[in-house]
Amino acid sequence: MGLLEKRAVKAFQDGSYKKLTDEINAITGHTIEFEVNWDSLAEEGSADKYEDAFTMVYFTPLVSAVKEIAADDMGKEALKDALKKVVIKNEGGYIYGSSAYKFSNGVLTIDHQPCTNVDNGLAERTTELTAILMKNL
Amino acid sequence: MNKSLKSVPAINKQELLFHIAEHFPATILSITTDAGRSYTGVVLTIGKVRTDEAFLVLQVTDDRNALTTRFLHLTVGKIESIELINPADLLSILSLGKLTKNETYEVSGKLAVQRGFQLFSEAIFNAHAINVGVPVMELPTDGLQLNRVLKLTQKIQQVIIDLLKEEDALSGWKARYNKIAFINNDDLEVKGVNDLVEIYFPFENIEAPEVSAEKLTDLLMSIL
C-alpha cells in the first residue's frame, strides 16, 4: 500500500467508516463487531475512489438490508440473536453480490473487489445480502 | 415419487386421455393400437360420438418430438397401450389431478416464518374481521423445513379464509376460538381444545405431500 492509498484508507476509517458502522448498530439496536482487512481493500491506483467505492460496495447494501429486516421488533430481535460480526475483505476477487456474501455461525463475510461494479451492482448486492441474511435469521 | 405413485388409483385409458387433453395437452404420447402400430404425438382433440364411443385426434410428432402436419384419427377402444414421454407431472396425470408432485423447497429463516405467521393472522383478520391468533409452533432449525412451514402456513391461511366465507363457520369460529397452533405430526388432524385450534400435520417432513385443502376444510368444519 502506497502513501496515497494509506492516506485514503485513513480518511475513510476516520470519517465514513465510523459513521456507517454507528448507523448500522443504531438500526439493529445492538453492537456488531466489524473486522476489515484494509490491506486487501486498498487497491493500488484507486485511492481517489475509496470513499465512494467502499461505502457503496460494502456498507450501503448492508445499511439497506438491516433497515429492511429491522423494520419491526421481530426483525431487530432476530438480528440481535444471529448477526454478531461482519468481516469485510477482498480476497476471492468477487464482483457480484451472488458470490460476495457468506454467513456462518453469526459471522457475515463480505468478500468483494472494492472498486469494481460499484454503481451497477448496488441493487444486486442489496438483494443478495438481504436474502442471505433472511435465510439465516 | 415412486412411493406417491403407489397411491394413485386405477384409471382407464379414456379417463387418462381426457385428463391429458384438458390439463396437460403438451404431453407427448406414444400410442400403440391393437393392430400393433405405434404413433407418437400430442392429443389435439378427444370426444365422444353418439354411440358413446370416444375418439381422439393425435397430431403426430417427428423423431425430435417436433409437431408435424400428420394427424391420426383413432377410436380410443382401438388403443392397446399409452406411453407417456417425459410427462411434466406424472403424479397429477395418473391421479387425474388428485395428487401433485411434492413441492420443492428453498431455504428460509425463522424470521421469515414468524413474519409469515403474523401475516397469516392479519390476512384472516382483514378478510373476515376475526382474530384467529398468530400461529404458535416449535420451529425446526433446518432451512428447508422452515420453508415448508412457511408455504403450508400460506395454504392453511387460504383454506381458513375460504372456509370463513360461510356465515355459520365464521360465527362458530368467533364464538369458540381465538388461538391457533401448528403441531408437527405424521398425519393431518385438527383438534379444538378450549379456545385453541390445533392443526397437526407433517410440517417438518419435506418429502410428505402438501396439505389437502379439501381434507383440512372438512376437519376444520368438524370442530366448528
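**Close-up 1. The loop between β3 (54–61) and β4 (67–75) of chain B holds B:Asn65.** In this predicted model, B:Asn65 has a phi near 65°, a positive value in a residue other than glycine. Most residues other than glycine have a negative phi. B:Asn65 counts as exposed because 12 C-beta neighbours lie inside 10 Å, and a residue with 12 or fewer falls in that class.

**Close-up 2. B:Asn194 lies in the loop between β7 (189–193) and β8 of chain B.** Although B:Asn194 is not a glycine, its phi is positive, at about 55°. With 7 other C-beta atoms within 10 Å, B:Asn194 is exposed.

**Close-up 3. Helix α5 of chain B, residues 143–163, is shown with its packing partners.** At 1.5 Å a residue, the 21 residues of this helix should span 30 Å, and the end C-alpha atoms are 30 Å apart, which agrees. The expected figure is 1.5 Å times one less than the number of residues. The buried residues of α5(B) include B:Leu146, B:Val149, B:Leu150, B:Ile156 and B:Ile160, and also B:Gln145, B:Asn147 and B:Arg148. These buried residues of the helix pack against α4 (110–128), β8 (196–201) and α7 (213–222) of chain B. For the chain as a whole, which has seven helices and eight strands, 21% of the 224 residues count as buried. Residues 24 or more positions apart account for 55% of the contacts in chain B with a separation of 6 or more.

**Close-up 4. The largest nonpolar core has 36 residues, among which A:Val66 and A:Ile69 touch the most other members.** At least two residues of this core come from each of α1 (3–28), α3 (50–69), α4, β4 (107–111) and α6 of chain A, and α3(A) gives the most, with ten residues. When residues up to four places away in sequence are not counted, A:Val66 touches A:Ile24, A:Ile27, A:Thr28 and A:Leu79. A second, separate core of 23 residues includes B:Val113, B:Val132, B:Leu146 and B:Ile160. In soluble globular proteins, nonpolar side chains tend to be buried together.

**Close-up 5. The contact between chain A and chain B takes seven residues from chain A and nine residues from chain B.** On the side of chain A that touches chain B, α4 (73–82) and α6 (122–136) of chain A each supply at least two residues. The residues of that side of chain A divide into four nonpolar, two polar and one charged.

Technical notes
Residues numbered from 1 in each chain as written. Chains lettered and ligands numbered in written order. Predicted model: local features only at pLDDT ≥ 70, side-chain atom pairs only at ≥ 80, totals over all residues. Contact = placed C-beta atoms within 7 Å. Helix = DSSP H or I, 4+ residues; strand = E, 2+ residues; numbered from the N terminus. Nonpolar A, V, L, I, M, F, W, Y, C, P; charged D, E, K, R; others polar. Buried ≥ 20, exposed ≤ 12 C-beta atoms within 10 Å, placed from the backbone. Core = buried A, V, L, I, M, F, W, Y, C linked by C-beta atoms within 7 Å.
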